[in-house]
Amino acid sequence: MDDIEQTKAAFASSRIDMAKFILVMVFLIEQRWSYYIGKDLEEDGITTKQWLMALVIANGFKHAPSIQEVADAMSTTHQNVKQIASGMERQGLMRLERDEKNKRIIRLRVTEHCFRLFKSREEGDVRAVLSMFENISDDELRALFNVIAKMEHRADELYEGAKAMRKAKEC
């Protein structure tokens, strides 16, 4: 790829060009961070998708969520979540349990083994996360935090709209 500063300068002329640049950069950053995190997780035998799913389940719900709830939270399919969760269950990181009231629903629960694994990784994970942002000042990080929150909100609106349109076409 060309020098990022040259590319950035070429795209700084209009809102649409900057938006295109940001969109591509967000995807590239996601790919690079996924690789970086994945290399770090390799020694514990877990993938970035398993790591993300465990974080979403442990921190995003006050109850054991259903597969579909996790799929919605992660913007992915029921089948993809079930596949990842099944692999985690084989590793002792997750339990898949039938819902007591509706046996068709499978609920996901992070195990104590998973919590212990994350606890043992905590110090190294903190260092890794901080290294990802070490070239950003505290003020820039605060601003980025707020911008990302706005971007996530808009992404959620667009995602829900796209899902509704897909569902309407299926009917």
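Modeller: Let's settle one term before we start: two residues are in contact when heavy atoms lie within 4.5 Å. This is a predicted model, and by that cut-off Ser66 touches Ile105, Ile106 and Arg107, leaving out residues up to four places away in sequence.

Biologist: Where is Ser66 found?

Modeller: Ser66 sits in the loop between H3 and H4.

Biologist: And why does Ser66 count as buried?

Modeller: Buried means under 20% relative accessible area. Ser66 comes in at 10%, so the residue counts as buried.

Biologist: What about Leu52, then: what makes it partly exposed?

Modeller: Leu52, in helix H3, has a relative accessible area of 39%. Partly exposed lies between the 20% limit for buried and the 50% limit for exposed, so Leu52 gets that label.

Biologist: Now the cysteines. How do you know whether Cys114 is buried or exposed?

Modeller: Its relative accessible area is 2%. That is under 20%, therefore Cys114 is buried.

Biologist: And why is Cys171 put where it is, buried or exposed?

Modeller: Exposed starts over 50%; Cys171 is at 84%, so it counts as exposed.

Biologist: How many disulfides does the structure hold?

Modeller: The count is 0. A disulfide needs a pair of cysteine sulfur atoms within 2.5 Å.

Biologist: Let's move on to H4. Which of its residues are buried?

Modeller: Ile67, Val70, Ala71 and Met74.

Biologist: What makes you say they line one face of the helix?

Modeller: Look down the axis of H4: the buried residues fall within an arc of 105°, so they line one face. In general, an α-helix has 3.6 residues a turn, so residues three or four places apart point the same way. The cover over the buried residues of H4 includes H3, H5, E2 and helix H7 (138-170).

Biologist: How do you know that the length of H6 agrees with what a helix of 21 residues should span?

Modeller: At 1.5 Å a residue, those 21 residues should span 30 Å, and the end C-alpha atoms are 28 Å apart, which agrees. H6 does bend, by about 55° at Glu122. Its buried residues include Cys114, Leu117, Phe118 and Arg121, and the buried residues of H6 pack against H2, H3 and E2.

Biologist: What makes a set of residues a nonpolar core?

Modeller: Its members are buried, belong to a list that includes Val, Leu, Ile and Met, and are joined through side-chain atoms within 4.5 Å. The largest one here has 26 residues; Met53, Ile57, Val70, Val81, Met88, Met94 and Leu108 touch the most other members. Helices H2 (15-41), H3 (48-60), H4 (67-74), H5 (78-90) and H6 (112-132), together with strands E1 (94-98) and E2 (106-110), each supply at least two residues of this core. As a rule, nonpolar side chains in soluble globular proteins tend to be buried together.

Biologist: Which residues is Met53 in contact with, leaving aside neighbours within four places in sequence?

Modeller: Val70, Met74, Val81, Ile84, Ala85, Met88 and Met94.

Biologist: And what pattern does the chain follow along the sequence?

Modeller: The order is α-α-α-α-α-β-β-α-α, from 7 helices and 2 strands. Buried residues make up 25% of the 171 residues.

Note on methods. Residues are numbered from 1 along each chain as its sequence is written. This is a predicted model: local features need pLDDT of at least 70, side-chain atom pairs count only at pLDDT 80 or more; totals for chains, interfaces and linings use all residues. Side-chain values use heavy atoms; hydrogens and water are left out. Buried means under 20% relative accessible area, exposed over 50%, partly exposed in between (1.4 Å probe, protein chains only). Helices (H or I, at least four residues) and strands (E, at least two) are DSSP runs, numbered from the N terminus. The expected span of a helix is 1.5 Å times one less than its number of residues. The bend at a residue is the angle between axes fitted to the seven residues ending there and the seven starting there. The arc is that of the directions from the helix axis to the C-beta atoms.
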